[in-house]
Amino acid sequence: MDFPSYTPDDTAVPEGVVVLERASTPQDLGPKLNRTAADVVRFLMQQGEMVTATQSLNDDMIELFAADVGAEIRLVDPGEEQEVELLKMLEVGLLDDDEDDDDAPLRPPVITVMGHVDHGKTTLLDRIRSANVVAGEAGGITQHIGAYQTVRNDRLLTFIDTPGHEAFTAMRARGADATDIVILVVAADDGVMPQTIEALDHARAADVPIVVAVNKIDRDNADPTRVLQQLSERGLVPEAWGGDTIVVEVSALQDLGIDDLLDNLLVVADLEDLRAAPDGRSRGVVLESHLDVGRGPVATVLVQRGTLKVGDPLVAGASWGRVRALIDYQGNQVKEAGPSTPVEVLGLSDVAQAGDDFIVAPDERKASKVAETREHWQRVASHGRDAHAMSGGARLEDIFSQIQAGEAANLNLVVKADVNGSLEALTESLKKLERPEVKLSFVLRGVGGISQGDIELAAASNATIIGFNVRPDRNARELALAEGVEIRSYEIIYKALEDIENAIIGMLAPEYEEVVTGDAEVREIFRVPRIGAIAGCYVTNGVITRGSKVRFLREGTIIWKGDITSLKRFKDDAREVAAGYECGIGLSDFQDLKPGDIIETFEEREIPRT
């Protein structure tokens, strides 16, 4: 359809904030702002965006048009407005935090361990719960969030282990939001590092007390005082220095200071007066989820209110089911779990999303209705977000030709992982690898092995499959070979990010910078038969080299660019002439020479892409 050029319309837009769904089409967007679809299309065409009336628009396009017509808008995910009605169906108020827990029983504190990679967080937890979970981990990285409980002075403490590598920023943030106290682990020999600061920011954003564990004090080069100074500079002033931050020196490896750390955690918990009602329908947060071959979807949840029981109808995001079994942190089946208790839940219909809230519903019918409605709107939102990005997508091997042609390229990916936390972290990390020339589109993100359906989807959308701790079966491998689908499998997230980043950098068209190598001032002009004008010059700076690229400047203005075709010292050919010497310069096809002109030589050097 051809549209005439866009001219602003002075028709009034709706008053107040207009709620618009993300991925709206011009047909959806126009009427809500008292405009037509044609108005939207014409405007976007003038902005260089070629769209149709039925094409999903990204956030920038919607906001740009709204700003042009003077409308105040709020973008929401499809189905977000319906969430209010869903919560009403579950008979759960939107202001649960207003519930009066002052008279409720005390509950165990939920403690999150944070810090820089390799500063000893997992070893510290290993020492606390006396269970070795370090040795078997690929690359020494804690790949999944784990939740554990330990006893000190006949009191329970719940620990959430958040991995330290920057790839797990999203998981670390989620851990802070579900916690009462943060242990910030800092190595005494290494000091405060970038991820230490990042973890500190998350803890402060969650507005929870912070206890600092200065680890590895047994090292010869340990310097706890330097650590305290670095922490003080960031607002964590130790009690010993007149501040209010509890600092405990420990060695997880040598079992030093662990009891002191636990005692201090109990003191902080007492000051916080942590309480929760154990009665009523339970709710909490999903910490982790994965698909188990024998047991089906498994979700690790943290109960925050009420008591979760076997047989309860549960809804977690777009997943639902009747709780078939509850398994505690020691692997034992239990019948119920009270506040601050982490348990594995079996019986859900699908793999829940890590970070989803879970709620016990009045009955299975309402649980299934809520989950199905959420799934529908999530699917609509995902389709809308990806529809625009996937157009023109390419696989790794195809994408370089698009960039060479001067086009912005889309790299389509199918990402599969063993658990939801890894999937979320890997996806967020991959998004950070985007460049202006290369955009990443996630055709599918899922938990579980790489199936034939994944291969077919990747083939249809020209996508590359990234597998993290998952493998394709024989049938999927054969289909991938037949369809020419590339599968990249990884067990360590560093390697996955490194490979994809190197692939993207390798795809990018090289960038060059011009480096001035020499300047020469034209003093005289010589006319040579059959050759033309030769500039008699004095080299004022750098080195003039035969064959160099050259800019010809007159009163500071570039009037010609080309190459040096000849360079002489007196009558002899010269390869280069340095500053302070005279020379004769012949230019490739430029004869308009005047005394006082400047010949500036330069070379183009490739800038490494980072």
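**Close-up 1. Ring pairs join F552, W560 and F590 into a cluster.** In this predicted model, a search of the whole structure finds three aromatic pairs. The rings of F43 and F65 form an edge-to-face pair, because their centres lie 5.5 Å apart and their planes meet at 65°. W560 belongs to strand β27 (residues 557-569), while F590 sits in the loop between β30 (582-587) and β31 (598-607), so the pair ties together parts of the chain that are 30 residues apart in sequence. With a relative accessibility of 12%, W560 counts as buried, and F590, at 10%, also counts as buried.

**Close-up 2. F43 and F65 bring together two helices.** F43 is found in helix α2 (residues 37-46) and F65 in helix α3 (residues 59-69), so that the pair, 22 residues apart, links distant parts of the chain. Both F43 and F65 are buried.

**Close-up 3. The charged end of R551 sits over the ring of F602.** The distance from this charged end to the centre of the F602 ring is 4.2 Å.

**Close-up 4. The largest nonpolar core has 24 residues.** Within this core, the residues with the most contacts are L124, F159, I183, L261 and L265. At least two core residues are supplied by each of β3 (110-115), α5 (121-129), β5 (155-161), β6 (181-187), β7 (210-215), β8 (246-249) and α9 (258-272), and the largest share, seven residues, comes from α9. When its neighbours within four places in sequence are left aside, L265 is in contact with I111, L157, F159, I181, I183 and V211. A second, separate core of 21 residues has F442, I493, A496 and L497 among its members. In soluble globular proteins, nonpolar side chains tend to be buried together.

**Close-up 5. Eight strands form an open sheet with antiparallel pairing.** The strands follow the order β13-β12-β18-β9-β10-β17-β14-β15. At the edges stand β13 (319-322) and β15 (333-334), each of which has a single partner strand, so one side of each is left without a neighbour in the sheet. Strand β14 (residues 325-327) pairs with β15 in the antiparallel sense over two bridges, and I327 stands opposite Q333 in β15.

Key. Residues numbered from 1 in each chain as written. Predicted model: local features only at pLDDT ≥ 70, side-chain atom pairs only at ≥ 80, totals over all residues. Heavy atoms only, no water. Core = buried A, V, L, I, M, F, W, Y, C linked by side-chain atoms within 4.5 Å. Buried < 20%, exposed > 50% of the residue type's maximum accessible area, 1.4 Å probe, protein only. Helix = DSSP H or I, 4+ residues; strand = E, 2+ residues; numbered from the N terminus. Contact = heavy atoms within 4.5 Å. Phe/Tyr/Trp six-rings, centres within 6.5 Å; stacked < 30°, edge-to-face > 60°. Lys NZ or Arg CZ within 6 Å of the ring centre and 35° of its normal. Pairing = 2+ DSSP bridges.
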